[in-house]
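Trainee: I have a structure open and would like to go through it with you. Could we take it piece by piece?

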Amino acid sequence: MSRKIRDVMSSGTAAVEPMTTVARAARVMREQDIGDVLVAYDCDLFGVLTDRDIVVRVLAGGLDPEVTTVGSVCTPPPVATLTPDDTTDLAVELMARYAVRRLPVVERGGCPVGIVTIGDLATTEDPHSALAGIGRAAPNH
C-alpha cells in the first residue's frame, strides 16, 4: 500500500555546503549518528555524500579528507529527489532506476527537508521483514 513520503521520511537531515571538507562532514555524521549528509547551498541541493562515498572516493582514492571538499566527491547533480507529496511507490521506482538507497526529499523550489532510505520503505511496506528490523536496530559504535 503506497503512502506519502512525508509519512515515512526522516526530517531535519544534516546538510553541509559544497566547500565543506570531507573531514568536517564525517564529524557531522558521527555527531548526528547518520550515514549521509545532503550537500546544499542555501536551498539548492547540490548532491549527497554518504559514508561509503568517503571510504571509496576519498580514502581508497588516496585523497586527504582534511582538504578534499564534499562538493568534489559527493554524488553529483542531477540528484534524484522526492517531494513530501510523492508516494512510496515512486521512491521504490527511483531507487531501483538509479541504484540508490537514499533519496533526498525537497520542497517546491528544491529546498531539502528530509531523506527517505530503503530502510524507511522496508519498515513501511513490511514492518516484520528482516530489512525493517535492521533499520530499527541501534547503530554500532
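Trainee: Is V28 buried or exposed?
Mentor: V28 is buried, because its relative accessible area is 9%; buried means under 20%, exposed over 50%, and partly exposed in between, with a 1.4 Å probe and protein chains only. Please note that this is a predicted model, in which local features need pLDDT of at least 70 and side-chain atom pairs count only at pLDDT 80 or more, while totals for chains, interfaces and linings use all residues. Residues are numbered from 1 along each chain as its sequence is written, and side-chain values use heavy atoms, with hydrogens and water left out.

Trainee: Which helix holds V28, and what does V28 touch?
Mentor: V28 lies in helix α1. Helices (H or I, at least four residues) and strands (E, at least two) are DSSP runs, numbered from the N terminus. Not counting residues up to four places away in sequence, V28 touches A14, V16, I34 and V37, where contact means heavy atoms within 4.5 Å.

Trainee: How far is V28 from A15?
Mentor: The C-alpha atoms of V28 and A15 are 9.0 Å apart, and the two residues are 13 apart in sequence.

Trainee: How many residues make up the largest nonpolar core?
Mentor: The largest nonpolar core has 14 residues, and V16, V22, V37, V39, L49 and V70 have the most contacts inside it. Such a core is a set of buried Ala, Val, Leu, Ile, Met, Phe, Trp, Tyr and Cys residues joined through side-chain atoms within 4.5 Å.

Trainee: Which elements supply this core?
Mentor: At least two residues of this core come from each of α1 (22–32), β3, α2 (51–59) and α3 (70–73). The largest share, four residues, is from α1. Apart from this core lies another, of 11 residues, including I5, M9, L103 and V116.

Trainee: Back to L49, then. What is L49 in contact with?
Mentor: Leaving aside neighbours within four places in sequence, the contacts of L49 are A25, M29, G35, D36, V37, V39, I54, V70, V73 and C74. Of these, C74 counts as buried, at 5% relative accessibility.

Trainee: D36 is on that list. Is D36 buried or exposed?
Mentor: D36 is buried, with a relative accessible area of 6%. D36 is found in strand β3 (residues 36–41).

Trainee: Which side chain does D36 join through a polar contact?
Mentor: The side chain of D36 is joined to that of R102 by a polar contact of 2.6 Å. A polar contact is a pair of N or O atoms within 3.5 Å; within protein, one must be able to donate a hydrogen and the other to accept it, and residues adjacent in sequence count only if both atoms are side-chain atoms.

Trainee: What is the bridge partner of R102?
Mentor: R102 has T117 in β6 as its bridge partner. β5 and β6 run antiparallel and are joined by five bridges; two strands pair if DSSP finds at least two bridges between them. The two strands form a hairpin with five residues between them, and G109 in the turn has a positive phi of about 95 degrees.

Trainee: Why is β5 described as largely enclosed?
Mentor: Four of the five residues of β5 are buried, so β5 is largely enclosed by the rest of the structure.

Trainee: New topic: how many disulfides are there?
Mentor: A search of the whole structure finds one disulfide, meaning a pair of cysteine sulfur atoms within 2.5 Å. This disulfide joins C43 to C111, with an S to S distance of 2.3 Å. The link of C43 and C111 is left-handed, with -50 degrees about the S-S bond.

Trainee: Last one: which residues of α4 are buried?
Mentor: In helix α4 (residues 88–98), the buried residues are T88, A91, L94 and M95. Seen down the axis of α4, they fall within an arc of 120 degrees, so they line one face of the helix; the arc is that of the directions from the helix axis to the C-beta atoms. The exposed residues A96 and R97 are on the face turned away from the buried side of α4.
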